[in-house]
Amino acid sequence: MSQPVQTFTPQAFHRQAHDALENPQIRANFRKAMDGLMGKRRTAFDDWDLETLRELGANIRLRALSKLPDLLEQLEANCEANGIRVHWAENGEQACELITEICQRHGASSVIKGKSMVSEEMHLNAHLEKAGIDALESDLGEYLVQLNEQTPSHIIMPAIHLNTGEISDIMHERTGTERTTDVDAMTAAARAQLRERFMTADVGVSGVNFAVAETGTLCLVENEGNGRLTTTAPPVHIAVTGIEKVVEHLADVPPLYALLTRSATGQHVTTYFNMISSPRKSDEHDGPEEVHLVLVDSGRSRVYQDDELLDTLRCIRCGACMNHCPVYTRVGGHTYGTTYPGPIGAILMPHLMGLEATKDLPSASSLCGACGEVCPVKIPIPDLLVRLRREAVGDGVGNVPGAGVKRSRKEVAAWKSWQWLATHPGAWRGATLIAGNFRALAPSHLGPWTEYRSAPKPAKTSLHTLIKRHRKEKGE
């Protein structure tokens, strides 16, 4: 039978982690999948100067971020010149409202969606449903978790927590497909179910892997062809992305593409690489009549203003840090209770949700450094995890929402006890032996061994304020 629908929250991380560790099926599914992905990645970079390529990728992303306000304006100007309408959203709710308004303006009752983590982040499907608009995921993994009323457990492979038998059960129970262990047969069945929806959908919604400022081009990386159908078959295409996805030049894309595909799935290239620069022209026979680009902030401009945390925005969403993380590979993505799980989620979600809700995530790490070593754009994830641990207890500079929230005396006492144990090896060995049988004796919150103290909430600066300030500094 398929897995029961569960509600996961970051506040319940510890309980959810214990539940996952006690679930042999979840552990087996992830162990098999992660071992395969790690092996494919190693093979994919054979005969490549990986460190030089990583350095190039990191520099491309850092250069783009150093010019972010300029490049966003350039992207907007070139997209508009190409016929793509650009919209700015300060948060996910505003982005949902913009997309809903576009759909309602066209009388849309159905939306077909390509893979987009930003749309997951802003809960777009639920928002459209409230407006009476049916939204269907077309990525096979996203389609399966939507059928099972779950959220993705991985940013690249949303249904990686499910094995073949579980997938067969889900498709049989939700679509009437005959039970089978033949993966090709299940894929063909899903393809048949989705094909009609591509042809009848009023609007197609996609994500963006790279937005090229120089040419006003939106690049989509995919393997199934669903992204290409989503962006060409419906009469209206809406692309949604975070503001950090912009790159300066078209020539910047190939190195990032080479890093993304090899790091994510161990492929030299994906089956499809889509470049969208305009709606359908008068002499073209297919493509959407309208293309819209929604640029979403949701705290990213605040991250941008911190010289250290800025590195979080380098991410190209490959998932390699998850695949190599000893915590993620044992508890899975749902345990984190957030859109982005694993190491990248632990450094990104505090900005999007605040540390009050996500204070346990930066400590969900052994600090082994594997995530930083495999990151294709060299994000210093372990350093940022330590920084956010300090922020969580008020020992940082306070640039994250909820930083330095006052903790209870009980939590402080638990941490002081943990600190004493960690500095007395004999007592530590005895305590861990006892904790093996009485797990409840272990502190319930993992994190740095420092005193909690209050800190003022940081001032928030929106995307629009950032651009306005930028223009003022330029004398415009």
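Is Leu-65 buried or exposed? At 1% relative accessibility, Leu-65 counts as buried, because the cut-off for that class is under 20%. The model is a predicted one. Its chain has 476 residues, and buried residues account for 55% of them. The chain contains 22 helices and ten strands. Of the contacts between residues at least 6 apart in sequence, 77% join residues at least 24 apart.

**Surroundings of Leu-65**

- Leu-65 belongs to helix α3, which spans residues 50-66.
- Apart from neighbours within four places in sequence, Leu-65 is in contact with Glu-244, Tyr-304, Leu-310, Leu-313 and Arg-314.
- Leu-65 and Lys-245 are 180 residues apart along the chain, and 9.3 Å separates their C-alpha atoms.

**Aromatic rings**

- Four aromatic pairs are present in the structure.
- One of the pairs joins Phe-30 and Tyr-328, with ring centres 5.6 Å apart and planes at 85°. The pair is edge-to-face because that angle falls in the class of planes over 60 degrees apart.
- This pair links distant parts of the chain: Phe-30 is in helix α2 (residues 24-44) and Tyr-328 is in helix α15 (residues 328-331), 298 residues apart.
- Both partners are buried: Phe-30 has a relative accessibility of 1%, and Tyr-328 has one of 0%.
- Phe-30 and Tyr-328 also belong to one aromatic cluster, together with Phe-13 and Tyr-336.
- A charged group meets a ring elsewhere: the charged end of Arg-317 sits over the ring of Tyr-340, 4.8 Å from its centre.

**Nonpolar cores**

- In soluble globular proteins, nonpolar side chains tend to be buried together.
- The largest nonpolar core here has 111 residues. The members that touch the most others are Cys-103, Met-122, Phe-210, Ile-238, Leu-293 and Val-294.
- Helix α12 (residues 253-265) supplies the largest share of this core, with seven residues.
- Ile-238 is in contact with Ile-99, Ile-102, Cys-103, Val-203, Gly-204, Val-205, Ser-206, His-292 and Val-294, leaving aside its neighbours within four places in sequence. Among these partners, Cys-103 and Val-294 are themselves in the group of core members with the most contacts to other members.

**Pocket**

- The volume of the second largest pocket is about 990 Å³.
- Its lining consists of 36 residues, and those nearest the pocket centre are Glu-120, His-123, Gln-150, Thr-151 and Pro-152.
- Several elements each supply at least two residues of the lining of the second largest pocket: helices α6 (117-121), α7 (124-130), α8 (140-147) and α16 (342-353), and strand β3 (134-137).

**Cavities**

- Four cavities of 30 Å³ or more occur in the structure.
- The second largest cavity holds about 90 Å³ of space.
- That cavity is lined by 14 residues, of which Cys-315, Cys-318, Cys-321, Cys-375 and Pro-376 are the closest to its centre.

Definitions and conventions: Residues are numbered from 1 along each chain as its sequence is written. This is a predicted model: local features need pLDDT of at least 70, side-chain atom pairs count only at pLDDT 80 or more; totals for chains, interfaces and linings use all residues. Side-chain values use heavy atoms; hydrogens and water are left out. Rings of Phe, Tyr and Trp (its six-membered ring) pair if their centres lie within 6.5 Å; planes under 30 degrees apart count as stacked, over 60 as edge-to-face and the rest as tilted. Helices (H or I, at least four residues) and strands (E, at least two) are DSSP runs, numbered from the N terminus. Buried means under 20% relative accessible area, exposed over 50%, partly exposed in between (1.4 Å probe, protein chains only). A charge sits over a ring if NZ of Lys or CZ of Arg is within 6 Å of the ring centre and within 35 degrees of the ring normal. A nonpolar core is a set of buried Ala, Val, Leu, Ile, Met, Phe, Trp, Tyr and Cys residues joined through side-chain atoms within 4.5 Å. Contact means heavy atoms within 4.5 Å. On a 1 Å grid over the protein atoms alone, a cavity is a set of points where a 1.4 Å probe fits but cannot get out, and a pocket is an open set with protein on both sides within 12 Å along at least five of seven lines; lining residues have an atom within 4 Å of a point. Grid points are joined across faces, edges and corners, and a volume is the space filled by probe spheres set on the points.
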